[in-house]
Amino acid sequence: MLSAIIHALKIGVILQARAGIAGVIDTEKKIIIEKSAIEFSVEYYLDQGYDVQSVESENIGYDLIASKGKIQLYIEVKGTSTKSIDDINVALTPNEYVTSIRNCRKYRIVIVYDALISPKLLEFFWVSQEEAWFSEQSLTYLNIIEKTSANLTIENG
C-alpha cells in the first residue's frame with residue numbers, strides 16, 4: 001500500500017481517505033470541476049442582476065464578490081462532480097471558515113454539484129434565528145463538523 005501511495009505522489013496524484021478507503025483524486029479533473037463551478041456561479045449571479053468580480057487569487061476567504069446597489073455578497077464556491085445532494089461533502093479551509101463566521105450576513109456558500117455534466121447550484125445563506133446555513137433551492141441546511149489540524153515544520157535547535 002505504501003509503495004502505491006509513493007508512486008501516486010510521484011506522478012502527481014493526490015490520495016484522500018474517504019470512509020476508510022483510499023481514493024484517488026485526479027488533480028486535473030479537480031481543476032476542471034472548480035473552473036466549471038466558478039463559471040456556473042458567475043452566470044447565476046449575473047442572471048440575478050449582480051455585478052461579479054473574481055477574487056480567487058487574493059486568498060481572502062471567498063472566491064467572488066457580487067454587488068447589486070448597496071448589496072455586496074462574499075461568495076465561496078465549492079464544486080463537485082457528485083450527482084446527488086445526498087452525496088455532497090465539501091470542506092472550507094480554515095481561512096474560508098473564519099471568514100464565513102465573521103461575515104455571515106454577507107457570506108454565501110455556493111455548492112455546484114454535477115459540475116462536469118449538468119451543473120446545479122445550491123446557495124446557502126446564514127439564518128440568524130436558526131444559527132445555520134440554509135438553501136432555498138433544496139430547503140436544506142448545512143451540517144458543519146469542525147475539525148482541528150496542525151502544520152508541522154522541522155526546526156533546528
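Leu 73 touches Tyr 45, Tyr 50, Leu 64, Ile 65, Ala 66, Lys 106 and Arg 108, leaving aside residues up to four places away in sequence; contact here means heavy atoms within 4.5 Å. The model is predicted, so local features need pLDDT of at least 70 and side-chain atom pairs count only at pLDDT 80 or more, while totals for chains, interfaces and linings use all residues. Residues are numbered from 1 along each chain as its sequence is written, and side-chain values use heavy atoms, with hydrogens and water left out.

Leu 73 also belongs to the largest nonpolar core, which has 14 residues. Such a core is a set of buried Ala, Val, Leu, Ile, Met, Phe, Trp, Tyr and Cys residues joined through side-chain atoms within 4.5 Å, where buried means under 20% relative accessible area (1.4 Å probe, protein chains only). Among the members touching the most others are Tyr 45, Ala 66 and Val 110. Two or more residues each come from helix 2 (27-47), strand 4 (64-68), strand 5 (71-79) and strand 6 (107-113); helices (H or I, at least four residues) and strands (E, at least two) are DSSP runs, numbered from the N terminus. Helix 2 gives the most, with 4 residues. Another core, of 12 residues, lies apart and includes Cys 104 and Leu 122.

Strand 6 pairs with strand 7 (residues 120-127) in the antiparallel sense over 6 bridges, pairing requiring at least two DSSP bridges between the strands. Here Arg 108 stands opposite Phe 125. Phe 125 in turn has Phe 134 of strand 8 as its bridge partner. Strands 7 and 8 (residues 132-135 for the latter) run antiparallel, joined by 4 bridges.

Technical notes
Buried < 20%, exposed > 50% of the residue type's maximum accessible area, 1.4 Å probe, protein only.
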